[in-house]
Amino acid sequence: MTIQFISLNAGGVFAQTRLENQDSTGFTHVDIYQLPYTDFTPYACLVIGGMCDQDFLLEHKDIISSFLDEGKIVIFSGNLVTDWLPGGRPFVPKEIKSFQDYAVKIESAHPIFEGVLEDDMTFNKGVAGFFARGHHPLPEGAEVLLTLDGKEPITYIDRQSTNGTILVHLGFDLFGYMGSNDLEKTTSRISPQLRKWVEEEYSKTIQGVQS
């Protein structure tokens with residue numbers, strides 16, 4: 001199954017840099033402030049980054065809820081600060097005593113992170129903390145994929161809050177791990193494996209909604 005992705009562009013220098021590093025094949029990028037005027041019918045997956053205006057998303061959270069209730073997928077990478085995402089709860093920063101507190105741990109094996117080394121997620125050019133620096137409290141029934149130091153959940157899947165599927169990652173855009181810094185690391189596997197998972201997940205959720 002080949003599906004269409006739509007990504008909200010936050011604008012700004014840092015957001016544009018992440019967009020340029022992203023594997024954008026099959027993506028439609030729209031300015032976040034066009035959200036109320038966008039036809040989401042052709043799209044199965046909505047991708048939202050943490051640099052987006054979350055006050056604006058809160059004003060239009062019904063659009064996102066309706067998208068999910070059609071059995072579609074929302075992927076959010078970043079720190080939640082307003083109540084726009086179904087089931088989502090605000091970011092909680094981690095108290096750091098050592099760089100080891102930033103250690104990323106695989107909580108349960110999952111196709112998105114198959115073959116990805118924990119150290120490659122933890123360290124970037126020898127520095128820890130780029131992948132995640134806190135956690136989001138979990139919605140009921142969420143599937144935890146990654147944690148910090150085996151404790152706080154930093155990446156989870158929520159299939160309970162709506163008819164669709166929500167993937168929340170506390171960090172940079174998971175589709176962005178395709179830049180020159182990533183090609184020699186196992187994190188380069190994340191983007192293509194995430195695409196494949198989205199296609200398989202959508203096939204399951206849409207069948208459940210239609211049945």
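Which residue in E11 is the bridge partner of Leu 148? In this predicted model, where residues are numbered from 1 along each chain as its sequence is written, local features need pLDDT of at least 70, side-chain atom pairs count only at pLDDT 80 or more, and totals for chains, interfaces and linings use all residues. Side-chain values use heavy atoms, with hydrogens and water left out. The bridge partner of Leu 148 in E11 is Glu 152.

**The protein overall**
- The secondary structure consists of five helices and 12 strands, where helices (H or I, at least four residues) and strands (E, at least two) are DSSP runs numbered from the N terminus.
- Of the 211 residues in the protein, 50% are buried, a term that means under 20% relative accessible area, with exposed being over 50% and partly exposed in between (1.4 Å probe, protein chains only).
- Among contacts (heavy atoms within 4.5 Å) with a separation of 6 or more, 65% come from residues 24 or more positions apart.

**Strand E10 and its neighbours**
- Strand E10 (residues 143-148) is largely enclosed by the rest of the structure, because five of its six residues are buried.
- Strands pair if DSSP finds at least two bridges between them, and E10 pairs in the antiparallel sense with strand E6 (residues 104-106) over three bridges, where Ile 106 stands opposite Leu 146 in E10.
- Strand E11 (residues 152-158) also runs antiparallel to E10, and five bridges join these two strands.

**The hairpin**
- The hairpin of E10 and E11 has three residues between the strands, and in this hairpin Asp 149 takes a positive phi near 55 degrees.
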